[in-house]
Every structure is written in C-alpha cells, then in structure tokens.
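The sequence and structure come first.

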Amino acid sequence: MAMSTKAINLASFSSVFPSSLDKLNKPSKGVQNSFWVPRIPLVKAVQSPAESDTGRWAKQRRPQNADGDFFVDHTCIDCDTCRWMAPQVFTRVGGMSAVYKQPTCKDDRLKALQALISCPTNSIRTEVPPPDILEAQKTFPIPIDEKKLPGVYHCGYHSSKSYGASSYLIIHPDGNILIDSFCSPKFTERLARKIEELGGVCYMFLTHKDDVADHGKWSKRFCCDRILHSGDVEACTADVETKLDGNGPWRLGQDIMLIHTPGHTEGSVCLFYMPLKILFTGDHLLMRESGLDIVEMYNRYSVGTQLDSVKKLLDLDFNWIMPGHGRRIEFKDIEEKNAILEAFVEEKYAHYSSVKNKW
C-alpha cells in the first residue's frame, strides 16, 4: 500500500483502512478548564543523583536488598516496572526498588528474570550470570492473561527514554497492532523475530508524542503503518503514514475504536479493543501503587482538558485499563469502573478548583 503522510479526516479513513466501518455520527467534544499546575522539566528518565564520577558506586548493590543472587543497584529510577512484573520479589524501599525476597521457585525466578530484562535502566542484576537468561528472553512478548485476554501481549524490554513505559501487541485477524513503540520496547531483533512468529505487525498505534525513538526501527522492520494524531506530530514523526485529524472517534476495523482524549498532550488518543473490553490509555490515565493518576507533573497541554477526557471514559464499556506507565487495572464490571472514575475525577476537579481560587 502506498504511504501517505497527509492528515486524514474521518471521511477518508476507509481508504487508509480497507476494513473500517462508516464514521461515527457523534464526534467527541471537550470543555477546557484553566487549572494551574506546578510543572517540572520534561525529562522523565534521569540518572540517580547518587552516581559518582566513575559510576561504580551507582552500580553497586543497594543495602536494602535481601541477601542472595538478585539485587537492585543505585541507578533505579523508581519506574515501578519490576514491582508489578514480579511483586513476589521486588518492593519499594527508600524511593527505589529493592529485592525483599529472593525467588524460591521456578515461576518466581522466571518473573524476576523477565523484570530484569524489562528494567529500563538495567538496574536489576545478579551476583552470578544467570544460566537461564536466554530462556527468559524467549518468553517475550508475554501473554497478559491467556484465558481472559487471548491474543494480548506485553512486549517488555522497557526503555529509559520513556521512563519505563509499556508497549503492547494485539493479535488480530485483520492485522496485528503494536501499541506505543515510541521508545518501548527497545528494538531488539530477538523480540522482533518472536513478534514475526505471531504474525508480524500491520499497524503501529502511537497514543501520543512523548519520547520518540525506536518507533522508526520497528516501523522499518515490519513495514507497518504508523497511526498518530496530527496534534502530536512533530519533526521526528512527520513521516508517519496515518495522521488522525479532528476529534474522532475513529474505527480501525470492526472492533477497534480510537478515542481522542486530549489533555496530557493535545493529540492523546486511547485505543478501545471492544471484544475484550480493554482500553489502552498511554499516558492519559494510569494506576500507581497509590491509586489512579494522570501524572500532572508531566502534563504537556491542559490538566483541565485531561480531566474532561477522563470523564468521557464513563461512556465506554470496558473492564481493563492497559496504561503506558504503572499497573494494569481490571474492574469487576462497568458499574465499578464508573464509580471509581467518577470519584477520581470529582476529587481532582475539587482539588484544582481550590488551587485556582488560591491564586
């Protein structure tokens, strides 16, 4: 198929995606609020301030680790990846991850090795080179839940350039979809071959513009069409094949809906996989150890608009959230999902309205 770098509108969508349905009748609308939020520089992946000139001290074992083979060093950026991938091994101590219990069975060891491979800063290490590391590498991409979510995979190999963001793969009869490969997963031919065995990649869906890097390598490897909202296109993504234009929503095939959720960035878009009731949210909404979050510190457009976009999710029937950062969420049903989201949005609105009034 000939590549096009022009912005497309909904009417032309079917020419880009032959299996697309007719456009939806009701485009989304948002009301922007002017909330003030303190911000920090847009640099997500930072080295530990403890690192010495030689770097040797930083790569040493943190004293908070339990005795044994696996350990976390001082370069940890506290991205939480290892703690949700292998919670039976890793925990948070002193603002960083640490091993609180050495793996005692084969399954725990595999999960620890998968976390080691996925650590974006290579901060997880072993005292002795693991003889089974190659077997662990072969497990990627990892099925998320083969019974509940067949054909949905976590790619692993997180990158420091995206602060350890997750990337996902959907196996789909109309063409597989790689979600969020700006920087994660780091490009490795080993992972590419495993994805190729699963049918390769037809579409690369990019939820937003942050941290562009290896998406070009993945696109070239699989000759796939990249999809990004035109509001998030920058010089490094000017050549993406498909630019979403307007407020959507859009359809990709018969069972995938793309939902414009501006706020974190102007062009943030969530992917709603309807058959399995999964919402892939990128940086729009995530779950930390402390609960739901919209990471206001890294907001690049409008916190008020982002909250309006979170509120829009009440109209969607999904049970799972697959975020770019943090932990996956499974809701019992739509009632629980809506109750949790409504409470979260109301709390945030109240907080930022109070902050605004003080200024």
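R251 lies across from M257 of β14. This is a predicted model. The strands β13 and β14 are antiparallel and are joined by 2 bridges. Together they make a hairpin with 4 residues between the strands. In the turn, G253 has a positive phi of about 75°.

## Strand β14 in its surroundings

On its other pairing, β14 runs antiparallel to strand β15 (residues 269-273), with 5 bridges between them. Here I256 stands opposite Y273 in β15.

In a regular strand, side chains alternate between the two faces of the sheet. In β14, I256, L258 and H260 on one side are buried, and so are M257 and I259 on the other. Because 5 of the 5 residues of β14 (residues 256-260) are buried, the strand is largely enclosed by the rest of the structure.

## The whole sheet

The open sheet has 6 strands, in the order β13-β14-β15-β16-β19-β20, with mixed pairing. β13 (250-251) and β20 (329-330) are at the edges and have a single partner strand each, so one side of each lacks a neighbour in the sheet.

At the β20 end, strand β19 (residues 320-323) and β20 are antiparallel and joined by 2 bridges. The bridge partner of I321 in β20 is I329.

## Cysteines

How many disulfides does the count come to? The count is 0. A disulfide requires two cysteine sulfur atoms within 2.5 Å. For C224, the closest cysteine sulfur is that of C223, 7.9 Å away, which is too far for a bond.

C224 is buried, at a relative accessible area of 1%. C155 also counts as buried, with 0% relative accessibility.

Conventions:
Residues are numbered from 1 along each chain as its sequence is written. This is a predicted model: local features need pLDDT of at least 70, side-chain atom pairs count only at pLDDT 80 or more; totals for chains, interfaces and linings use all residues. Side-chain values use heavy atoms; hydrogens and water are left out. Two strands pair if DSSP finds at least two bridges between them. Buried means under 20% relative accessible area, exposed over 50%, partly exposed in between (1.4 Å probe, protein chains only).
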